[in-house]
Amino acid sequence: MQNLNKSRILFVDDEPEILRSLERITKKLDAVILTASSGQDALDIINECPVDVIVSDFNMPSMDGNQLLEQVAKISPETVRMVLTGHGDMEMIVNLINNGHIWGFLQKPWDNFDLIIKLKQALQLQQVLAERTLMRRTIDQYQKYHKSNFEGFIGDSVAMQFVYSCIEQSAPSNASVFITGPSGAGKEVAAQAIHRLSKKKNGPFIALNCAAIPSELMESEIFGHIKGAFSGAVSNRDGAASLANGGSLFLDEIGEMDIGLQAKLLRFIQTGCFQKVGSGKEEKVDIRFISATNREPQIAIAENKLREDLFYRLNVISIDLPPLNERDNDILTLAEHFLSHFSEIEGKVFAGFSSGAEALIKSYSWPGNVRQLQNIIHSSTVMSEGPLISEKIIAQQLGKQSKQAEPVFNSQKESVIPSITPNNQNNKAHQVNHLPSPIITLAEVEKQTIEQAIDLCQDNIVKAASELGVSPSTLYRKIQQWQTSPAE
């Protein structure tokens with residue numbers, strides 16, 4: 001059995017005595033010595049297992065040395081090619097060397113010492129060529145899979161390379177994709193990347209945030225409605241299902257959808273058919289489904305927030321986005337990208353971050369992930385005059401996001417509202433005896449409490465709603481009311 005770790009040298013000559021002589025002279029080399037009596041025999045050997053060095057007679061019947069080595073160059077370019085030749089072929093041999101077709105030659109009759117030296121040199125050259133080829137292949141593979149910018153994503157961490165690979169592999173399929181990951185990690189960016197790389201890239205991409213739409217309106221948002229279907233339905237309206245026909249429908253925060261509506265969604269996914277609210281007419285569409293949640297799916301299923309059969313229908317291919325604090329040096333790369341972006345928007349010029357700011361950015365845990373980092377860099381850009389974004393500016397913006405709501409004081413500096421703690425019984429008498437003027441309304445107390453929860457949850461309304469024990473749609477409605485009817 002041949003040692004596959006050893007170098008392989010192939011001698012080719014139509015004279016058996018020459019082959020036996022070459023075998024005898026080179027047996028002390030740390031290499032496997034192979035012989036072939038024709039060009040075709042040599043090609044058969046190389047096709048079975050490439051050799052490191054081939055030394056071929058130049059003048060052979062059927063296939064001469066030049067023809068053989070041309071084919072060897074094509075099928076095994078790393079093989080070092082040499083010829084055995086007589087005096088009459090020297091001019092042609094020199095031309096072949098100059099043109100790079102062969103590396104060298106051995107002249108008949110050869111000197112045994114010279115033969116061994118040249119073979120050792122050829123083996124060393126082959127090792128260099130093999131290492132160079134391996135390096136080139138490694139670089140090619142790295143460039144193919146190692147991306148620092150990918151379809152809207154910024155970062156070249158190992159965690160994100162895996163995400164990029166998953167997106168590239170899953171995109172050409174029509175299978176449903178389920179994206180998990182914390183809020184602010186880029187789930188919609190991933191969904192858009194999948195769509196752009198899919199067969200439906202020329203179709204529409206429709207995104208629907210299931211946490212942002214009141215449950216009573218969700219069915220209409222998905223399937224549409226006809227005029228008169230319910231109070232306020234003054235005209236026919238297409239829903240996301242119709243709008244996404246021929247493209248992709250992205251259902252973000254799928255676990256926030258009403259559990260009853262999830263049954264209708266399941267049938268729609270299974271059949272591609274649906275009815276608009278108030279209509280008895282069935283419509284059929286061709287849609288790629290992409291879903292996402294910041295919940296742990298199995299926990300959501302256990303809590304009856306997500307139907308198990310719907311989850312398995314949507315979760316044909318799963319992609320998990322890592323939190324920002326698991327993305328190595330991506331944090332600073334993203335910060336620099338956002339700084340460049342917002343500098344242009346705000347009409348400012350910055351040279352970058354101070355060393356202290358960089359250290360703070362890299363060490364901070366970023367519970368709000370990429371979205372929080374983006375907001376912090378934007379506000380820092382607005383609040384800084386440059387030329388560097390300082391550590392103080394970053395710290396100030398982080399402090400504004402994480403600080404708790406300030407107590408409200410009257411002219412005597414007495415607190416109107418006690419600190420929000422489980423028990424405040426001891427303060428009740430004091431508050432009754434020292435009622436401030438004017439009294440803050442319950443609506444204002446509610447508004448302050450909600451704003452405080454949203455602030456503490458880094459603008460994650462879904463998380464804030466969970467902490468307050470209400471549905472996200474409740475908070476969205478409250479916020480909309482405040483925006484349309486601001487307090488006097």
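**Figure 1. The loop between β5 and α5, with Pro109.** In this predicted model, Pro109 is found in the loop that links β5 (104–107) to α5 (112–145). The peptide bond leading from Lys108 into Pro109 is cis, and its omega is near -15°. Most peptide bonds are trans, and most residues other than glycine have a negative phi.

Figure 2. Ser62, in the loop between β3 and α3, has a phi near 70°, a positive value in a residue other than glycine. Glu253 sits in the loop between β12 (248–252) and α10 (259–271), and its phi, near 50°, is likewise positive in a residue that is not glycine. Is Ser62 buried or exposed? Ser62 has a relative accessible area of 84%, over the 50% cut-off, and therefore counts as exposed. Glu253 is at 7% relative accessibility, under the 20% cut-off, and so counts as buried.

Figure 3. Strand β3 covers residues 53–57, and five of its five residues are buried. In a regular strand the side chains alternate between the two faces of the sheet. Here both faces are covered: Val53, Val55 and Asp57 are buried on one side, Ile54 and Ser56 on the other. β3 pairs in the parallel sense with strand β1 (residues 7–12) over four bridges, and the partner of Phe11 in β3 is Val55. Strand β4 (residues 80–85) runs parallel to β3 and is joined to β3 by five bridges. In that pairing Ser56 stands opposite Val83 of β4. Together with helix α3 (residues 65–75), β3 and β4 make a right-handed β-α-β unit.

**Figure 4. The second largest pocket and its lining.** This pocket has a volume of about 580 Å³. How many residues line the pocket, and which of them lie nearest its centre? The lining is made up of 28 residues, with Gly184, Ala185, Gly186, Lys187 and Arg371 nearest the centre. Elements that give two or more residues to the lining are β7 (153–154), α7 (187–196), β9 (205–209), α13 (330–346), α15 (369–383) and α19 (461–468). By residue class, the lining of the second largest pocket divides into 13 nonpolar, eight polar and seven charged residues. Rolling a probe the size of a water molecule over the atoms shows where empty space is left.

Figure 5. Phe350 lies in the loop between α13 and β17 (352–353). With 14% relative accessibility, Phe350 is under the 20% cut-off and therefore counts as buried. Phe350 and Ser340 are ten residues apart in sequence, and their C-alpha atoms are 7.9 Å apart in space.

Figure 6. A disulfide is a covalent bond between the sulfur atoms of two cysteines. How many disulfides does the structure hold? The structure holds zero disulfides. Is Cys166 buried or exposed? Cys166 has a relative accessible area of 18%, under the 20% cut-off, so Cys166 is buried. Cys210 has a relative accessible area of 2%, and so is buried by that cut-off as well.

Conventions:
Residues numbered from 1 in each chain as written. Predicted model: local features only at pLDDT ≥ 70, side-chain atom pairs only at ≥ 80, totals over all residues. Heavy atoms only, no water. 1 Å grid on protein atoms, 1.4 Å probe; cavity = no way out; pocket = protein on both sides within 12 Å on 5 of 7 lines; lining within 4 Å. Points joined across faces, edges and corners; volume = space filled by probe spheres on them. Nonpolar A, V, L, I, M, F, W, Y, C, P; charged D, E, K, R; others polar. Disulfide = S-S within 2.5 Å. Buried < 20%, exposed > 50% of the residue type's maximum accessible area, 1.4 Å probe, protein only. Pairing = 2+ DSSP bridges. Right-handed = clockwise from strand over helix to strand, strands pointing away.
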